[in-house]
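Please keep the sequence and the model in view while reading.

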Amino acid sequence: MNDPESTARKYMIRLASCSITAGAKRALLCDLQRGAYYLVPRSFSDLIDNYHGWQIQAIYDEYGPENKQALDEFFAFMIAGEFIFLSDHAADAERFIRCSPDIDSPGIIQNAIIDIDKASPVPATSIIPQLIDLGCLSVQIRAFSRMNADELISLAMTTEETACRNIEFIVPFDHSYENNQTLTDYFFYNQRIGGIVCYNAPRRKMDLFVGDQIYISQTEEEISSEKHCGIIGPAYFAANQKHFLESQQHNTCLWKKIAIDKRGFIKNCPSMQQHYGNIADTPLKQVVNDEGFRHLWGIHKEMVKQCRDCEFRHVCTDCRAYLEEPADIYSKPLKCGYNPYSATWSNWATNPLKQKAIDHYELREAIRP
């Protein structure tokens with residue numbers, strides 16, 4: 001923008017990977033190609049959404065000379081970040097359009113959670129083939145009782161030569177995962193394994209394998225039940241195109257998901273009370289065709305109280321298992337401590353307004369100190 005006259009004749013073109021979400025107080029600017037996001041003034045939202053394809057001089061005229069310096073700073077920031085570019089041709093506005101939110105994915109189910117312990121009625125090895133048959137691409141196995149490396153490999157083998165792309169494990173710490181050459185060799189053979197999280201470990205540690213594609217993570221965190229799920233926060237944000245577009249019309253946690261809890265009950269999420277039969281005698285294919293089971297798939301952030309005013313709503317996950325108002329399915333997630341009206345974070349577990357809901361869900365023992 002060194003030549004003001006030449007710049008004024010150009011047209012502002014927004015790149016398709018640039019998306020912005022206006023909140024009550026500020027906005028979130030996302031680079032969906034790079035997976036990055038930036039907090040920006042709410043006024044950026046109007047500029048990006050309403051002036052795509054406008055000539056720079058026309059934007060100056062619209063805002064008036066008193067705002068020219070602020071506009072120049074905006075253009076410089078957006079060009080440096082490769083969110084927009086300036087073109088000599090107005091027709092480029094028709095070439096760089098927004099991605100359609102109408103998305104779908106192959107398969108009836110795209111991801112699943114299987115919780116297991118010693119008392120689970122059906123082994124996970126017999127559940128995974130049913131998931132594969134439904135087109136499931138990603139499976140998470142969460143164990144609440146000891147599972148050594150050999151048992152893990154046995155489970156992972158059920159995904160070999162299938163369309164499943166990823167299988168992850170959350171298991172209690174066991175020394176068999178340390179310096180295990182058999183496990184390391186198997187990573188190269190079956191690269192569908194995304195990672196292994198060992199909780200209740202004596203220390204924090206991260207080991208990477210297969211060109212850093214597969215990890216074994218050790219954490220001191222204690223996970224004793226499904227009640228540890230549903231936490232909302234920046235650590236769980238996903239600023240990518242798939243997640244961003246999915247969030248426009250679907251629930252980012254539950255869409256095309258199925259879960260089997262540790263007692264074999266088939267649910268939308270292991271943390272939920274509602275179930276649709278038991279895996280011991282109910283085929284998963286029967287459950288996924290149930291309209292009641294699919295209902296929660298369509299509850300997206302624009303429908304949820306307070307979330308619809310939050311700038312993070314399209315990069316955030318959404319929990320329907322634990323709600324601030326348990327009787328209202330459109331209530332804000334209980335385990336979110338963000339207030340979009342003040343743009344501040346607080347500890348959800350100590351919020352006095354959430355204590356009644358915490359007791360309703362019997363979460364006291366699962367709250368981290």
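## A salt bridge between Lys10 and Asp88

The side chains of Lys10 and Asp88 form a salt bridge, with a distance of 2.7 Å from N to O. This pair links distant parts of the chain, 78 residues apart: Lys10 belongs to the loop between helix 1 (4-8) and strand 1 (11-14), while Asp88 belongs to the loop between strand 5 (84-87) and helix 5 (92-95). The model is a predicted one, and the distances and areas reported here should be read with that in mind.

The two partners differ in their surroundings. Lys10 has a relative accessibility of 19% and counts as buried, because the cut-off for that class is under 20%. Asp88, in turn, has a relative accessible area of 54% and is exposed, because it passes the limit of over 50%.

## A salt bridge between Asp117 and Arg263

A further salt bridge brings together the side chains of Asp117 and Arg263, at 3.0 Å from N to O. Asp117 is placed in the loop between strand 6 (111-116) and helix 6 (124-133), and Arg263 in the loop between strand 12 (257-260) and strand 13 (266-267), so the pair ties together parts that are 146 residues apart in sequence.

Is Asp117 buried or exposed? With a relative accessibility of 18%, Asp117 counts as buried, whereas Arg263, with a relative accessible area of 37%, is partly exposed.

## Strand 11 and its neighbours

Strand 11 covers residues 214-218, and four of its five residues are buried, so this strand is largely enclosed by the rest of the structure. Strand 11 is paired with strand 9 (residues 193-199), to which it runs parallel and is joined by four bridges; within this pairing, Val197 stands opposite Ser217 of strand 11. Strand 11 is also paired with strand 10 (residues 205-209), here in an antiparallel arrangement with five bridges, and Lys205 stands opposite Gln218 of strand 11.

Strand 10 and strand 11 together form a hairpin, with four residues between them, and in the turn Val210 has a positive phi of about 50°. Lys205 also takes part in a salt bridge, its side chain meeting that of Asp207 at 3.6 Å from N to O. In a regular strand, side chains alternate between the two faces of the sheet.

## Charges across the chain

How many salt bridges does the chain contain? The count comes to 24, among them the pairs Lys10 with Asp88, Asp117 with Arg263 and Lys205 with Asp207. The chain carries 38 positive and 48 negative side chains, and the centres of these two sets lie 4 Å apart.

## The chain as a whole

The chain has 12 helices and 15 strands, and its C-alpha atoms fill a box of roughly 75 × 50 × 45 Å along the principal axes. Of its 369 residues, 50% count as buried, and the chain exposes about 18000 Å², of which carbon and sulfur atoms supply 50%. Among contacts in the chain with a separation of 6 or more, 66% are accounted for by residues 24 or more positions apart.

Key: Residues are numbered from 1 along each chain as its sequence is written. This is a predicted model: local features need pLDDT of at least 70, side-chain atom pairs count only at pLDDT 80 or more; totals for chains, interfaces and linings use all residues. Side-chain values use heavy atoms; hydrogens and water are left out. Helices (H or I, at least four residues) and strands (E, at least two) are DSSP runs, numbered from the N terminus. Buried means under 20% relative accessible area, exposed over 50%, partly exposed in between (1.4 Å probe, protein chains only). Contact means heavy atoms within 4.5 Å. Accessible areas come from the Shrake-Rupley method with a 1.4 Å probe; for residues, only the protein chains shown count as cover. Lys and Arg count as positive and Asp and Glu as negative; His and the chain ends are not counted. The place of a charge is taken as NZ of Lys, CZ of Arg, CG of Asp or CD of Glu. Two strands pair if DSSP finds at least two bridges between them. A salt bridge is a side-chain nitrogen of Lys or Arg within 4 Å of a carboxyl oxygen of Asp or Glu.
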